[in-house]
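Hi,

Here is the structure I promised to send over. Have a look, and my notes on the aromatic rings follow below.

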Amino acid sequence: MATQQYKAWSVVIMSTLAFTVCFMIWMMFAVIGIPIKATLGLNETQFGILIATPVLTGSLARLPLGMWTDKFGGRLVFFILMLCTVIPIWLISYATQFWQFLLIGLFVGIAGGSFTVGIAYCARWFPKERQGTAMGIFGAGNTGAAITKLLAPIIVVGYGWTMVPKVYAVLMLVTAILFWFFTFTDTSHKVGKSVSVKEQLAALKDPRVWRYSQYYSIVFGGYVALALWMTKYYVSEYGFDLKTAAFLAAAFSIPGGLLRAVGGYFSDKFGAHTMTWWVLWVSLVCLFFLSYPQSDITIQTISGPTTFHFGLTPTVFTILLFTLGVFFAIGKASVFKYISDDYPDNIGVVSGVVGLAGGMGGFLMPIMFGALVDLTGIRSSAFMLMFGVVWVSLMWMYFTEVRPVHAEKELIRAQNSDSPLTTTV
């Protein structure tokens, strides 16, 4: 028993470390994309495409990677995945044209698929009542986005942006080797060769999977999109330099990773539905205020026109962003608690589908952010877009989960009130 616990925690710790490094690399363009944008003279939409390209392959790869994890085990799949990205990461340093960055970025983006592999790999080492916590700890690897924002600007300032991919390529290689030596394989965790691809994909017919995918496209897709966009936002909106902007943007990324473990614990204790419901409501409120653009309103008074300025200061903006990051972290854990509760024998595939949806949100939103800025000239339009998506998710959750539960309670209450009463005379 003690040996099994040692193996389980060794798997979680090393998987979390590996996922952190993978996420650092997945978010790399959030920092190096800014000097690349200046060098190539890209507009906002092109910049959105540049930073989102790695997210595309990382998202599309999640479903097959989840299926392979169920079939061949997480250790082997995770190790091969990391090795496959080392050379593409190194080659980024030698790219000089926009199409070259996009092409190499597609290969580098495979690192983002590590989430689906690791979440299924870790969950199977623990009993159901502790899976939320284990998956939450693993999900703390999202902190890699914050580490990139703190580390990459230092490298860029000291040695130029081309040094960042070289450092990250070496880091990925070392991490892959350490991962292999400090993790384990349990053949009972595999679904076996008797399970066909068709049987694995049967989960796609379940409407709950698509509902969870919608939730995850917000709490994870929104997290990825904003983690990629915020450094640029601070530079453009408030005029900060790269190091300061990246440091402030980390206020969103750090809780978005570290507090995922807390979200896993709360989800185990209070349930996935309760936690996700409150996450969406708090996110909606934060996004409402973040959406408000810098505005000057002129009012005609008896003394003449008076102008008032409305807009978020960098401090208030960062506090709201930090709050959003905290609740996104909790939401990421609560959505996967749904999956471990409902699909204990098919975690890899279902997490692959849900992870794909979340990743696609992270791919599409930065592009839409850039396009909206080019079309409207309003930088806070990114938050306006996200506000609308969260509102749709809340309505979907209300009509499919909250309302049926309330209706069932009312029915039970009505039945109890109609039952004959026994009286004594």
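Trp180 is partly exposed, at a relative accessible area of 29%, while Phe79 is buried at 18% (buried is under 20%, exposed over 50%, partly exposed in between, with a 1.4 Å probe and protein chains only). Mind that this is a predicted model: local features need pLDDT of at least 70 and side-chain atom pairs pLDDT 80 or more, while totals for chains, interfaces and linings use all residues. Residues count from 1 along each chain as its sequence is written, and side-chain values use heavy atoms, without hydrogens and water.

I paired rings of Phe, Tyr and Trp (its six-membered ring) with centres within 6.5 Å, calling planes under 30 degrees apart stacked, over 60 edge-to-face and the rest tilted. That rule gives 37 aromatic pairs. In one of them, the centres of Phe19 and Phe115 are 5.5 Å apart with planes at 45°, so this pair is tilted. Phe19 is in helix H1 (residues 2-26) and Phe115 in helix H7 (residues 114-123), so the pair links parts 96 residues apart in sequence; helices here are DSSP runs of H or I, at least four residues, numbered from the N terminus. Phe19 and Phe115 are both buried.

Back to Phe79 and Trp180: their ring centres are 4.8 Å apart and the planes at 40°, so that pair is tilted. Phe79 belongs to helix H5 (residues 74-91) and Trp180 to helix H10 (residues 163-181), so parts 101 residues apart in sequence are tied together.

There's also an aromatic cluster, with Phe19, Phe115 and Tyr223 among its members.

Cheers

How values were computed:
Helix = DSSP H or I, 4+ residues; strand = E, 2+ residues; numbered from the N terminus.
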